[in-house]
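Subject: Structure handover

Hello,

Here is the structure I promised to pass on. Please open it and keep it in view while you read my notes.

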Amino acid sequence: MPEGPEMHLASRFVNQACRGLVFCGAVEKSLVSRNPEVPFESSAYCISATARGKELRLTLSPLPGAQPPREPLALVFRFGMTGSFQLAPAEALPPHAHLRFYTASPAPRLALCFVDTRRFGRWDLRGEWQPDRGPCVLLEYEEFRENVLRNLADKAFNGPICEALLDQRFFNGIGNYLRAEILFRLRIPPFEKARTVLEALQHHRLGDPGPLAPKGGGKSRKKKSQETHPGPMDRMEHPPPLTKGPSKTPGAQRDLPEMTTAQQPEGPGLQHNPGAPTVLVKGRRRRTRRRQATTGHRRPRKKADTPSEESGGPAAS
């Protein structure tokens with residue numbers, strides 16, 4: 001759901017996209033929208049936007065000499081789950097464009113559209129901010145801070161801080177993801193009593209980091225220690241290149257070409273010693289016989305015990 005920062009980004013987009021554009025005609029509403037019709041029509045008007053918390057105000061201001069003469073009209077939008085504003089060509093409107101403002105015809109016509117896929121968004125023709133919402137966290141920080149500290153006795157602060165942060169009377173514009181980010185970055189347990197957490201701010205002036213400011217974490221110290229204490233590989237003038245060992249998976253071993261007798265490495269080794277006993281492991285004996293057939297090495301047969309030549313002749317019968 002769009003929260004305070006997203007609403008401010010949307011207002012900046014409207015102001016930048018509509019700068020220098022002249023709109024005209026009536027405001028069109030889609031047939032499926034349950035929001036009210038916008039009773040506004042002018043031969044030339046401009047559009048501006050401002051945001052406060054989770055609300056956005058769109059102002060339609062007729063230009064001098066526009067017909068019919070009328071006063072500006074303000075609409076307050078609440079985006080719901082998927083609301084947003086888009087500027088698109090009038091001939092290729094985006095899907096789910098439930099409110100459309102068209103530019104004048106001499107230039108290629110554009111349309112500023114309020115797009116809402118799930119249709120949870122609302123607009124209010126009165127143009128007033130909701131009275132039960134507190135000051136904006138971003139644009140009215142001093143009033144926001146004073147409003148919270150002055151009302152700490154309210155029952156909303158009896159519960160955990162994770163619930164109090166969603167009360168729009170005091171934290172206008174804060175939602176689920178901002179609540180999680182705030183508590184995580186300040187290392188505040190989410191089920192700590194809200195009044196206990198916020199009372200510590202009463203004795204600190206505005207601009208003072210205060211007791212809730214995050215202290216330096218261990219990550220920076222760890223990174224600094226790694227920079228000041230190089231490892232053994234850093235002390236070497238020419239470190240050896242990193243090589244990747246052969247894969248031990250059966251599929252990779254089947255893809256490798258088998259070595260012939262001429263390619264066998266010299267020197268003693270367990271794998272190349274013809275006298276090495278066959279390891280009786282399940283699934284390995286058949287592979288050992290296959291390897292003997294390809295390399296030409298066979299296990300010598302065990303000879304029968306015979307009298308030694310040094311014993312001085314054949315054994316007595």
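Which residue in β8 does Y102 stand opposite? The residue is A111. Keep in mind that this is a predicted model.

**The sheet**

Strand β7 covers residues 97–102. It pairs with β8 through five bridges, and the two run in the antiparallel sense. Now widen the view. Four strands make up an open sheet. Their order is β2-β7-β8-β6, with antiparallel pairing. The edges are β2 (28–29) and β6 (83–89). Each of these pairs on one side only. A helix also packs on this sheet: α1, residues 4–17. Helix α1 touches β6 and β8. The direction of α1 makes about 20° with that of β6.

Next, find K29. Is K29 buried or exposed? K29 counts as buried, because its relative accessibility is 15% and the cut-off for buried is under 20%. Look at what surrounds it. Leaving out residues up to four places away in sequence, K29 touches N35, P36, E37, H98, L99, R100 and W123. The chain also brings F101 into this picture. K29 and F101 are 72 residues apart along the chain. Their C-alpha atoms are separated by 9.3 Å.

**A patch on the surface**

Now turn to F120. Where does it sit? F120 is in the loop between β8 (110–116) and β9 (122–124). Its relative accessible area is 44%, so F120 is partly exposed. F120 also belongs to a nonpolar patch on the surface, together with M1 and M81. The three have about 310 Å² of accessible area together.

**The whole protein**

Last, step back. The protein has 317 residues, and 32% of them count as buried. How many helices and strands does the protein have? There are nine helices and nine strands. The accessible surface comes to about 22100 Å². Carbon and sulfur atoms account for 55% of that surface. Contacts across the chain are worth a look too. Take the contacts between residues at least 6 apart in sequence: 61% of them join residues at least 24 apart.

Start with Y102 and A111, then follow the notes in order.

Best wishes

Technical notes:
Residues are numbered from 1 along each chain as its sequence is written. This is a predicted model: local features need pLDDT of at least 70, side-chain atom pairs count only at pLDDT 80 or more; totals for chains, interfaces and linings use all residues. Side-chain values use heavy atoms; hydrogens and water are left out. Buried means under 20% relative accessible area, exposed over 50%, partly exposed in between (1.4 Å probe, protein chains only). Contact means heavy atoms within 4.5 Å. Accessible areas come from the Shrake-Rupley method with a 1.4 Å probe; for residues, only the protein chains shown count as cover. Patches are made of residues with over 30% relative accessible area and no salt bridge: like charges are joined within 9 Å, nonpolar side chains (Val, Leu, Ile, Met, Phe, Trp, Tyr) within 5 Å. A salt bridge is a side-chain nitrogen of Lys or Arg within 4 Å of a carboxyl oxygen of Asp or Glu. Two strands pair if DSSP finds at least two bridges between them. Axes are lines fitted to C-alpha atoms, for helices over the stretch in contact, and angles run from 0 to 180 degrees between N-to-C directions.
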